[in-house]
Amino acid sequence: MTEDIVARVLRQWQQVHPGLDTAPMAVIGRLNRCAALLQQATDAPLVREGLTRAEFDILGTLRRTGRELTPGQIARETFASGAAVTKRLRVLEARGLVARRPDERDRRVAHLSLTEEGQELIDRLIPHQLGYESALLEGLGDERRTDLAETLADLLVLLEGRLGGLQP
């Protein structure tokens, strides 16, 4: 069986510090490595449309919520900083994918929505993106994917409970 890079790292730590409990590293190291590899891989179809993953996430958030959102709401939904969202929204607005409407009571607040072009793009792109992501996970099989998704959901709930309060 082929060894992953994290197994090698764990073995190296055991040589340097025998008896060291590397179990957390076995999980978190693999999650981080998988996240980095998936980020690179899943950006490939988006690049063809001239989008970054973060821009795709904003378009998807506006589409799936089906309502106008403020930049702050988008930041919370996408786990991005306000500054990062503002920068991405400028790009999406310049491309004509997102429209901005000032708040009637507070001109400092903006309400954002998809333009017709933005909705058409996300509706066309999401099935292709999901198909591509499904192909990336093909080797696991349906049952293992379901088990992994459930385990990751448990971990996410645990982490959100412990760390989620740290975010504004």
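The patch consists of Val 27, Ile 28, Leu 31, Leu 148 and Leu 152, which together have about 390 Å² of accessible area (Shrake-Rupley method, 1.4 Å probe, with only the protein chains shown counting as cover for residues). Patch members have over 30% relative accessible area and no salt bridge, and nonpolar side chains (Val, Leu, Ile, Met, Phe, Trp, Tyr) are joined within 5 Å; a salt bridge places a side-chain nitrogen of Lys or Arg within 4 Å of a carboxyl oxygen of Asp or Glu. The most residues, three, come from α2, the helix in which Ile 28 is placed.

Residues are numbered from 1 along each chain as its sequence is written, and side-chain values use heavy atoms, without hydrogens and water. As the model is predicted, local features need pLDDT of at least 70 and side-chain atom pairs count only at pLDDT 80 or more, whereas totals for chains, interfaces and linings use all residues.

The protein chain has an average pLDDT of 91, with 96% of the residues scoring at least 70 (pLDDT being the predictor's confidence in each residue, from 0 to 100). Among the elements of the chain, the mean pLDDT is lowest in α2 (88) and highest in α3 (96).

Methods
Helix = DSSP H or I, 4+ residues; strand = E, 2+ residues; numbered from the N terminus. Patch = residues over 30% accessible without salt bridge, like charges linked within 9 Å, V, L, I, M, F, W, Y side chains within 5 Å.
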